[in-house]
Amino acid sequence: MQEGDAATPGTMDVNTALQEVLKTAMIHDGLAKGARECVKALDKRQAHFCVLAENCDEAQYSKLVEALCAEHAINLIKVADKKKLGEWVGLCKIDKEGNPRKIVGCSCVIVKDYGKESQAMDVLSQHFKSQ
């Protein structure tokens with residue numbers, strides 16, 4: 001049902017596109033999740049883009065990720081909630097009804113491999129160009 005929404009041009013917002021790209025990248029094992037993995041990927045310049053939660057526990061951690069993204073010219077997207085970001089990248093259990101349970105917060109995610117081309121990727125590319 002989401003693919004039907006994605007087929008109509010101009011209707012997908014940045015958050016929906018981000019969710020779709022993260023899901024595709026997760027399926028193709030192209031994500032780095034957590035402080036250690038993200039900093040290593042940023043330092044090696046393996047990242048296509050970075051997603052950072054605004055409600056991160058450590059201010060120093062946010063500054064480090066922002067500085068590495070700026071230094072290596074890697075696009076950065078901020079999301080409001082780390083629990084929501086954790087849910088988007090699969091750090092949760094899905095119950096029988098399909099609802100997420102036991103969601104683990106994730107402060108930072110790096111996309112190293114998109115997986116496949118999609119309209120969601122085009123929406124994010126346009127968002128990065130407009131910044």
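Mentor: What follows looks at the sheet and at the parts that surround it. The model is predicted, so local features are reported only at pLDDT of at least 70 and side-chain atom pairs only at pLDDT 80 or more, whereas totals for chains, interfaces and linings use all residues. Residues are numbered from 1 along each chain as its sequence is written, and side-chain values use heavy atoms, with hydrogens and water left out.

The sheet is open and has 4 strands in the order β1-β6-β2-β3, with mixed pairing; helices (H or I, at least four residues) and strands (E, at least two) are DSSP runs numbered from the N terminus, and two strands pair if DSSP finds at least two bridges between them. Because β1 (31-33) and β3 each have a single partner strand, they stand at the edges, and one side of each is left without a neighbour in the sheet. On average, neighbouring strands are turned by 20 degrees against each other, direction ignored. Within the sheet, β2 and β6 (residues 108-111) pair in the antiparallel sense over 4 bridges, and Cys-50 has Ile-110 in β6 as its bridge partner.

Helix α2 (residues 14-27) packs on this sheet, touching β1, β2, β3 and β6, and its direction makes about 115 degrees with that of β2. Here contact means heavy atoms within 4.5 Å, while axes are lines fitted to C-alpha atoms, for helices over the stretch in contact, with angles from 0 to 180 degrees between N-to-C directions. The 14 residues of α2 should span 20 Å at 1.5 Å a residue, and the end C-alpha atoms are 20 Å apart, which agrees; the expected span is 1.5 Å times one less than the number of residues.

Which residues of α2 are buried? They are Ala-17, Leu-18, Val-21, Leu-22, Thr-24 and Ala-25, and they cover an arc of only 165 degrees around the axis, which puts them on the same side of α2. Buried means under 20% relative accessible area, exposed over 50%, and partly exposed in between (1.4 Å probe, protein chains only), and the arc is that of the directions from the helix axis to the C-beta atoms. The buried residues of α2 pack against β1, β2, β3, α5, β6 and α6 (119-130). After α2 comes Asp-29, with a positive phi near 55 degrees.

Val-39 is found in α3 and, at 22% relative accessibility, counts as partly exposed; leaving aside residues up to four places away in sequence, Val-39 touches Leu-64 and Leu-68.

Between β5 (100-101) and β6, the loop holds Ser-107, which is buried with a relative accessible area of 17%. Beyond four places in sequence, the contacts of Ser-107 include Val-51, Leu-52 and Lys-82. Lys-82 is itself buried, at 16% relative accessibility, and meets Asp-57 in a salt bridge of 2.7 Å, N to O (a side-chain nitrogen of Lys or Arg within 4 Å of a carboxyl oxygen of Asp or Glu). Since Lys-82 lies in helix α5 (residues 82-88) and Asp-57 in the loop between β2 (49-53) and α4 (59-71), the pair ties together parts that are 25 residues apart in sequence. Asp-57, by contrast, is exposed at 63%.
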